[in-house]
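Here is a briefing on aromatic ring pairing. Which rings pair, and how are they oriented?

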Amino acid sequence: MTYVVAFDDSPLSRAALGRAVAFSGATDESVVAVTAIPRDTETARERGWLGGSESFSVEQVAQNLTERVADADPGVEFAYRVVDKYAPRGRVSREVRELAVERDATVVFICSDNAGRMVGGIMSVGQNVSADDRYDVHIVRHVD
């Protein structure tokens, strides 16, 4: 079994990754960080997935994200799917859900400033990922 983290290298997803790693230390579960990478240079640059001089390629973005996950914890695996430049949130969340199912997720960790409130209040991809009943969801409240 596996803990899966919806990861985009945002402060929220880094908090979720930290929580998953902490839980895995107590349970001996493996941790996989997953994301959907859009084929879009502008998105990659806005999210900090590419350095200023790096040319866009999905492989480069994946390598950069793999390194950031490894910086957080070398034992965490990184997996991704590629989506179209204009993929809607529903498509992105579907890819994250499918990665979670492929990895036999016991729990999917997502992070939200809305944790502790109704799940319907979670914005973006997290709302759709948390609605899947094929795994449990652990919503982490980001606290600075």
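Three aromatic pairs are counted. Rings of Phe, Tyr and Trp (its six-membered ring) pair if their centres lie within 6.5 Å; planes under 30 degrees apart are stacked, over 60 edge-to-face, and the rest tilted. This is a predicted model: local features need pLDDT of at least 70, side-chain atom pairs count only at pLDDT 80 or more, and totals for chains, interfaces and linings use all residues. Residues are numbered from 1 along each chain as its sequence is written, and side-chain values use heavy atoms, without hydrogens and water.

**Tyr 3 and Phe 109**
- This pair is edge-to-face, with 5.3 Å between centres and 70 degrees between planes.
- Tyr 3 sits in strand E1 (residues 2-6) and Phe 109 in strand E4 (residues 105-112), 106 residues apart.
- Helices (H or I, at least four residues) and strands (E, at least two) are DSSP runs, numbered from the N terminus.

**Phe 23 and Phe 109**
- The ring centres of Phe 23 and Phe 109 are 5.5 Å apart and the planes stand at 80 degrees, so this pair is edge-to-face too.
- Phe 23 belongs to helix H1 (residues 11-27) and Phe 109 to strand E4, so the pair ties together parts 86 residues apart in sequence.

**Cluster and accessibility**
- Tyr 3, Phe 23 and Phe 109 make up one aromatic cluster.
- Tyr 3 is buried at 7% relative accessibility.
- Buried means under 20% relative accessible area, exposed over 50%, and partly exposed in between (1.4 Å probe, protein chains only).
- Phe 109 is buried at 1%.
- Phe 23 is partly exposed at 33%.
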